[in-house]
Amino acid sequence: MSVRHELAEAAQAEGATLAVTGPRETARLLRITTEAERRNHADPARSGESRRWSSRDGGEDTGIPSAALGPQDTFEQLPMRDFSARRSLEQLPARPFERTPALASLSTGHDRRTDWLRAGQALEYVLLVATAHGLRTSLLHQALEWTDLRDDLRSATSPFDHVQMLIRFGYGPEGPPTPRRAPRLFLDLDGAVPQGDRY
């Protein structure tokens, strides 16, 4: 069984559809994602929020460490999320990315809360299968944050599906580990302290 088939089966097992896109559809989805990334940078509130969440380099327990943000595309063809909201390749690390990325859309037949849950479970399963095969993944979710652009993500062959995530697959270097929040910060144990996590 091919890796592509296994990834599709993982999504289907959770009630979602994973469709790998061809070159023309990939180019269309990347154009929409580029527009969404442009809008995010032009919106002061959104870019400010991104900067706040991407400044975890001290003792903060929330946010993204700058080392985990990853490089931007030297050719500026692949619209990676710039959480630092700096947008300048002179200020951000950059590498030459593949000219034609392997992209897949994860979608559901409806867009209810239960579908969001299914999509999240499907995404988790797909990412686990990808990791088991040594694949690296990137999530291109910018267009999902804009109602009109999210509608534009729909494929002409599946006009009634609701795209929940775009996933880029490939083989590449392993990224740095990202620390997780301490359990005591988000578990309500009625005053009990988790074992091994004493104050």
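The structure is a predicted model, and the protein in it has 199 residues, of which 35% are buried. Its secondary structure comes to 5 helices and 6 strands, and when the chain is read along its sequence these elements follow the pattern α-β-α-α-β-β-β-α-β-α-β. A search of the whole structure finds 9 salt bridges, while the number of aromatic pairs is 0.

**Strands and how they pair**

- Strand β4, which covers residues 102-108, is mostly covered, since 6 of its 7 residues are buried.
- Strand β1, made of residues 17-20, pairs with β4 in the antiparallel sense, and 4 bridges join the two; within this pairing, T17 stands opposite S107 of β4.
- Strand β4 also runs antiparallel to β6, and here the two strands are joined by 7 bridges, with A102 standing opposite F169 of β6.
- Strand β5, which spans residues 136-140, is another antiparallel partner of β6, and this pairing is made over 5 bridges; one of the facing pairs is S138 with R168, the latter being in β6.
- Of the 9 residues of β6, 8 are buried, so this strand is largely enclosed by the rest of the structure.

**Salt bridges around R39**

- R39 forms a salt bridge with E35, and the closest N and O atoms of this pair are 3.0 Å apart.
- Both R39 and E35 lie in helix α2, which runs over residues 23-42, and they are 4 residues apart, a spacing of about one turn of the helix.
- E35 counts as partly exposed because its relative accessible area is 25%, which falls between the 20% limit for buried residues and the 50% limit for exposed ones.
- D148 also forms a salt bridge with R39, and in this case the closest N and O atoms are 2.9 Å apart.
- D148 belongs to helix α5 (residues 147-152) whereas R39 belongs to helix α2, so this pair ties together parts that are 109 residues apart in sequence.
- D148 is itself partly exposed, because its relative accessibility is 38%.
- Taken together, E35, R38, R39 and D148 are linked in a network of salt bridges.

**A salt bridge between D115 and R112**

- The side chains of D115 and R112 meet in a salt bridge, with a distance of 3.0 Å from N to O.
- D115 counts as buried because its relative accessibility is 3%, a value under the 20% limit for that class.
- R112, by contrast, has a relative accessible area of 45% and is therefore partly exposed.

- H5 and L18 are 13 residues apart in sequence, and in space their C-alpha atoms are 9.5 Å apart.

**A nonpolar patch on the surface**

- L185, F186 and L187 form a nonpolar patch on the surface, and together they have about 290 Å² of accessible area.
- L185 is found in the segment that comes after β6, the strand of residues 162-170.

Technical notes:
Residues numbered from 1 in each chain as written. Predicted model: local features only at pLDDT ≥ 70, side-chain atom pairs only at ≥ 80, totals over all residues. Heavy atoms only, no water. Patch = residues over 30% accessible without salt bridge, like charges linked within 9 Å, V, L, I, M, F, W, Y side chains within 5 Å. Areas by Shrake-Rupley, 256 points an atom, 1.4 Å probe, with all protein chains shown as cover. Salt bridge = Lys/Arg side-chain N within 4 Å of Asp/Glu carboxyl O. Phe/Tyr/Trp six-rings, centres within 6.5 Å; stacked < 30°, edge-to-face > 60°. Buried < 20%, exposed > 50% of the residue type's maximum accessible area, 1.4 Å probe, protein only. Pairing = 2+ DSSP bridges.
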